[in-house]
Amino acid sequence: MAPTLLPVTFTFISVLAICLMPLTGWIGLYRGKTNILRADGGDPTLFKRIRIHGNLMENAPLFALVLGASETAGLGSSWLLLAVVTFLAGRVLHYMLYDRKTRGVAMSVTLLPGLLMGFWLLFQLHSQV
């Protein structure tokens, strides 16, 4: 087997795909239980589940892109793995803190590694000029 290009990024994408299946099922099962086929039907539990899933889908693609770009640009695998673990911890915190005023902490933890890798990439690109 040939060596894997971007192993950390591909691992993250794989874990993300695995996590999305149960999240989608979590919503689908509740839809079946409540017979709400579209939107959230005003049900606060369904709304929460949709937003937890949606927030992951709003943030994960850009994180995967900046992760892949950082890996391609040579950021060390320890830093990349730390970024992935931090991002995923932020997603778990988002789930746990969703109904609390402190859930901004979860968003900060989620967004911080992507932000830092974005700055690192800009530095790498423009320090070579």
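Where does helix H4 bend, and which proline follows within four residues? H4 bends by about 35° at Leu111, and the proline that follows within four residues is Pro113. The model is predicted.

**Helix H4**
- H4 covers residues 104–127, which is 24 residues. At 1.5 Å a residue it should span 34 Å, and the end C-alpha atoms lie 33 Å apart, so the two values agree.
- The buried residues of H4 are Ala106, Thr110, Pro113, Gly114, Met117 and Leu121.

**Val105**
- Val105 belongs to helix H4.
- Is Val105 buried, partly exposed or exposed? Its relative accessible area is 46%, so Val105 counts as partly exposed; buried would require under 20%, and exposed over 50%.
- Val105 and Leu93 are 12 residues apart along the chain, and 8.0 Å separates their C-alpha atoms.

**Helix H3**
- H3 is made of 21 residues. From its first C-alpha to its last it reaches 30 Å, close to the 30 Å expected at 1.5 Å a residue.
- Buried positions in H3 are Leu80, Ala83, Val84, Phe87, Gly90, Arg91, His94 and Leu97.
- The cover over the buried residues of H3 includes H1, H2 and H4.

**Helix H1**
- H1 runs over residues 7–34 and has 28 residues. Its reach from first to last C-alpha is 41 Å, close to the expected 40 Å at 1.5 Å a residue.
- Val8, Thr9, Phe12, Leu16, Leu20, Leu23, Ile27, Tyr30 and Arg31 are the residues of H1 that are buried.
- H2 and H3 are included in what covers the buried residues of H1.
- Asn35 follows H1, and its phi is positive, near 60°.

**Contact of H1 with H2**
- Two packed helices are described by the angle between their axes and the distance between the axes.
- The axes of H1 and H2 come within 10 Å and cross at roughly 170°.
- Why are H1 and H2 described as roughly antiparallel? Angles over 145 degrees count as roughly antiparallel, and the crossing of H1 and H2 is roughly 170°, so the two helices are roughly antiparallel to each other.
- The residues of this contact divide into 19 nonpolar, 5 polar and 3 charged.

Notes: Residues numbered from 1 in each chain as written. Predicted model: local features only at pLDDT ≥ 70, side-chain atom pairs only at ≥ 80, totals over all residues. Heavy atoms only, no water. Expected span 1.5 Å × (residues − 1). Bend = angle between axes of the 7 residues up to and from the residue. Buried < 20%, exposed > 50% of the residue type's maximum accessible area, 1.4 Å probe, protein only. Axes fitted to C-alpha atoms, helices over the stretch in contact; angles between N-to-C directions. Parallel < 35°, antiparallel > 145°, perpendicular 65-115°, else oblique. Nonpolar A, V, L, I, M, F, W, Y, C, P; charged D, E, K, R; others polar. Contact = heavy atoms within 4.5 Å.
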